[in-house]
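Thanks, everyone. Please have the model open.

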Amino acid sequence: MPKKRRKLNKDFERKIYSSKKNVELVLAKIYDIDDEDIQNEYMNAFNGVVFLYDEVKMDYEIQGFNDNSEELLSNYMNAFKLFESEFEI
């Protein structure tokens, strides 16, 4: 039985790419913090956002664009906005 092809979506791929750049930028800023305690606090808070980004990316790579894709991206974006509102970065 042939393997089912995953559905692609160029707009969604751009959103994932943009999200990746945002995560990389925040991580770079966190790594630039000199105070180790503050850096750990920021990193612990941001780990949830990174996890949600990884979930969006892996779901798209494995299953392609599906019914869950927009919801996963929305969860990531909400978590990112919450992090930005609670932490000055």
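Buried here means under 20% relative accessible area, with exposed over 50% and partly exposed in between, using a 1.4 Å probe and protein chains only. This is a predicted model, so local features need pLDDT of at least 70 and side-chain atom pairs count only at pLDDT 80 or more, while totals for chains, interfaces and linings use all residues. Residues are numbered from 1 along each chain as its sequence is written, and side-chain values use heavy atoms, with hydrogens and water left out.

The helix is H2, residues 36-63; helices are DSSP runs of H or I, at least four residues, numbered from the N terminus. Its buried residues include Tyr42, Phe46, Val49, Leu52, Tyr53 and Val56. H1 and H3 are among what covers the buried residues of H2, by contact, meaning heavy atoms within 4.5 Å.

Next, the ends. Asp35 caps the N-terminal end, with a side-chain oxygen 2.9 Å from the backbone nitrogen of Asp37. After H2 comes Gly64, whose phi is positive, near 80°.

Now the core: buried Ala, Val, Leu, Ile, Met, Phe, Trp, Tyr and Cys residues joined through side-chain atoms within 4.5 Å. The largest nonpolar core has 23 residues, and Phe46, Tyr76 and Phe83 touch the most other members. H1, H2 and H3 each give two or more residues to this core, and H2 gives the most, with nine.

Which residues does Tyr76 contact, leaving aside neighbours within four places in sequence? They are Ser19, Asn22, Val23, Val49, Leu52, Tyr53 and Val56.

Technical notes:
A polar contact is a pair of N or O atoms within 3.5 Å; within protein, one must be able to donate a hydrogen and the other to accept it, and residues adjacent in sequence count only if both atoms are side-chain atoms.
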